[in-house]
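Biologist: Please take a close look at one part of this model for me. I would like the aromatic pairs first, and then whatever surrounds them.

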Amino acid sequence: MIKGLLASVTSNFPIDELVHEVEQRNRLKLILPWLEDRVQSGSQDPAVFNAMAKIYIDSNSNPEAFLKENNLYEPLVVGKFCEARDPYLAYIAYAKGFCDDELIAITNDNSMFKQQARYLVKRRQPELWVQVLVSDNLHRRQLIDQIIAAALPECTDPDDVSITVKAFLSADLPIELIELLEKIIIEPSPFSNNKNLQNLLLLTAIRAEKGKVVGYINKLENYDAGEIAKIATDHGLYEEALTIYKKYDQHVMDINVLVEHIVSIDRGFDCANKVNRPEVWSRLAKAQLDGLRIKDSIDSYIKAKDPANFAEVIEISNHAGNHDNLVRFLQMARKSLRELRIDTELAYAYAKTDRLHDMEDFLSMSDVADILEVGEKCFEDKLYQAAKLLFTSISNWARLATTLIYLGENQAAERARKAGNTYRCMPHAQICGLNIIVHAEELPTVLTIYERRGHFDEVLSLLEAGLSLERAHMGDKYRPGKCTAPFSNGTPQALHRPYQYSKATEHAHLWPELVFLYIKYDEFDNAALAMIECSPDAWEHNQFKDVINQLLLTDLLTVIIPRIDHSRVVRTFRQIDHIPLICTYLIAVQHFNIAAVNDAYNNLLIKEEDYKTLRSSIDSFDNVNNISLAKRLERHPLLEFRRLAAHLYKKNTLWEESISLSQQDKLYKDAMITTAVSGNKECFAALLFICFDLLRSDVVEELSWQRGLNDFYMPYKIQVQRSLVAKLVTLEREVKERSKKDSQKKQQEAEAPIINPGGFGDRLLLTLGNGIFGQTPHMPNGMMPAMTGYGGF
């Protein structure tokens, strides 16, 4: 009846009211045929399609397809209808009509965060992002998780990703932004190689997650390395910046970070040694110079062949008195620069290092140096031999004459005459005295002259100036209080003659001074006896207690080894400069391999010049600063200690330093052993080249094959083949020549006549009798046989 009634109505009427009434009675299906007819008749009334949507939803007649494909229904009305029935269908309707608030509400209420995330990404509305990413949104974390896990990985449109990333930036969510970028960059996606996103990930991590920066640097490839490294440096991430520079072979920036920010010269040296580029060595050299590591700095400048900073190098080296290394730098600098100051300072450095032969060669070649200035400086520094050479080279006879006076040479008058001056030699008693007291037999006479004239202070000055001479200690009797002065001042010459001083002091009855000398030379038993035997003058209670303690100390330390801190013991005795007293104790505890003990014991061995025990100590106990010890030993005057320095460099894989030191001392066997240990294959090729005539090719080939050195053996093999080919060519030529000579000889023999008139001398065959050469014909019956021509019958 209702269907017929609806079919009879042809005019327009409010369909919404009809649908509302039918819906209230739950009879929507009743009007479905009528609605379909209306659609067939071309109706586009939203109410008709709203009603059809509701019917499909209630009857579950593929409502999802209808909601997605139909554009004539009202999404807000249909979405409200779906909320209580199917939230997902409500989400589809709201998404269709961009009903943002309703969609966010329905997805929050039903935990449909994946759908909400997808909608937000596709919607691209900054205002909507602000709404959902506010801090008071209770569902923000769940939503972000779904954006990271599902929504963005599904995206293929760069605009979707760009707006989402901007939204996270605006919301100040760096940690969450890092998670998001990791998902679309670290994991495979269409945006994995996007430079802007990689830059953003690194920058965000630098500001918020510093611990992840290194991992990103190693994993990512397409980012602005220079800018990122600079920003990392500004934020104190020096190691991370260093990693970037190393990855992209930006060696100058790499070394700059090491020496300027990390402030590690040793790591900078390793870097420069590895890349071996002039600009890197030059930057390292500047840093080493700023750190007053002058020798290392000059080594680096020489490797860089960079003399540009010569002014600073000269100033610092002169101030530190490091003229030996300055000579090497200036020699390198002269190869590319022609500067007045370079040549001038080189001449002065030769003088300071007493390299007079080099100075002579230099003066014969250089026309740039200010020789007069150098000569004056040498004269002020009492380098008279150098000053003599310098003044002679410029014919400055006046200054040369003065110099010769101080040298005590007789040419002074002649030099003064050449200078056109009246020579007046003022008496220089001390200079003359030093030249006289060289001869032991003259010393008493000199002392007698000074004594008679009462010049006791002068004679003391003379003897102090000549402490290295025999019997210089005889001046002690004039001023007993000054007897201990050479020892208190640490005069090196005085420390080398303990028994002479002790004997002279005892002879003069200077008992306190004698006790002082015994203590100074660690003869504590003699010091104790002297205080006891001469107690009225030499006894001093506290000093006697100290001497007795020194005599018993070693035994005491040995007994309590298990209960004391060995490092503290060494530190205490180093402060009072009594390390030699505990030598026995150091040997007893060295097996603990404590750095302080090893260092103290090694220092004692160096002072005692016991290189064999020192080598054993170094090899057996490795807890010591090997590099520092090596640098100290390489300057030692004894060869075996410099050899130990090369050994230490080799143990620490500093091959170049070890080989260089061995070569300087002409220890070529050690240099070859170090080269072999270093595994430098280029040296193997060089050895084959140098020793080509001394090696058997089969042995070389076998060893090369065993050790995988075929690539470096190949030049030698080619040369062997070349030599073999040359020998074969020579041999072939000789064989051909010999064969030719043999052929010619045979041909000559073949062409020679069988009967040669001259072949048997001047006699004809007919006159040879029976044809036997040199034999008289047989004469039977004493008669000559008839000449029938048939001899022999």
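Modeller: This is a predicted model, and it holds 12 aromatic pairs. Take Y301 and F329. Their ring centres are 5.7 Å apart. Their planes stand at 65°, so the pair counts as edge-to-face, for which the angle must be over 60 degrees. Y301 belongs to helix α21, while F329 belongs to helix α23. The pair therefore ties together parts that are 28 residues apart in sequence. Are the two residues buried or exposed? Both Y301 and F329 are buried.

The aromatic residues also form a cluster. F379, Y384 and Y406 make up one such group.

Two rings carry a charge over the face. R85 lies over F81, at 3.6 Å from the ring centre. K377 lies over the face of Y348, and here the distance to the ring centre is 4.1 Å.

Back to α21 and α23, for the pocket. Both helices give two or more residues to the lining of the largest pocket. So which other elements do that? They are α19 (265–275), α20 (278–290), α43 (626–633) and α45 (655–664). In residue numbers, α21 covers 294–304 and α23 covers 323–334. The largest share of the lining comes from α21, with six residues.

How much space lies in this pocket? About 1000 Å³. What is the make-up of the lining? Of its residues, 14 are charged, eight are nonpolar and six are polar. As for the approach, rolling a probe the size of a water molecule over the atoms shows where empty space is left.

Helix α35, residues 511–520, contains V515. Why does V515 count as buried? Its relative accessibility is 0%, and buried means under 20%. Which residues does V515 touch, leaving out those up to four places away in sequence? The contacts are A527, A530, M531, A538 and Q543. T505 is 10 residues from V515 in sequence. In space, the two are 9.7 Å apart, C-alpha to C-alpha.

To return to the opening pair: Y301 and F329 are buried, and the helix of Y301, α21, gives the largest share of the pocket lining.

Terms used
Residues numbered from 1 in each chain as written. Predicted model: local features only at pLDDT ≥ 70, side-chain atom pairs only at ≥ 80, totals over all residues. Heavy atoms only, no water. 1 Å grid on protein atoms, 1.4 Å probe; cavity = no way out; pocket = protein on both sides within 12 Å on 5 of 7 lines; lining within 4 Å. Points joined across faces, edges and corners; volume = space filled by probe spheres on them. Helix = DSSP H or I, 4+ residues; strand = E, 2+ residues; numbered from the N terminus. Nonpolar A, V, L, I, M, F, W, Y, C, P; charged D, E, K, R; others polar. Buried < 20%, exposed > 50% of the residue type's maximum accessible area, 1.4 Å probe, protein only. Contact = heavy atoms within 4.5 Å. Phe/Tyr/Trp six-rings, centres within 6.5 Å; stacked < 30°, edge-to-face > 60°. Lys NZ or Arg CZ within 6 Å of the ring centre and 35° of its normal.
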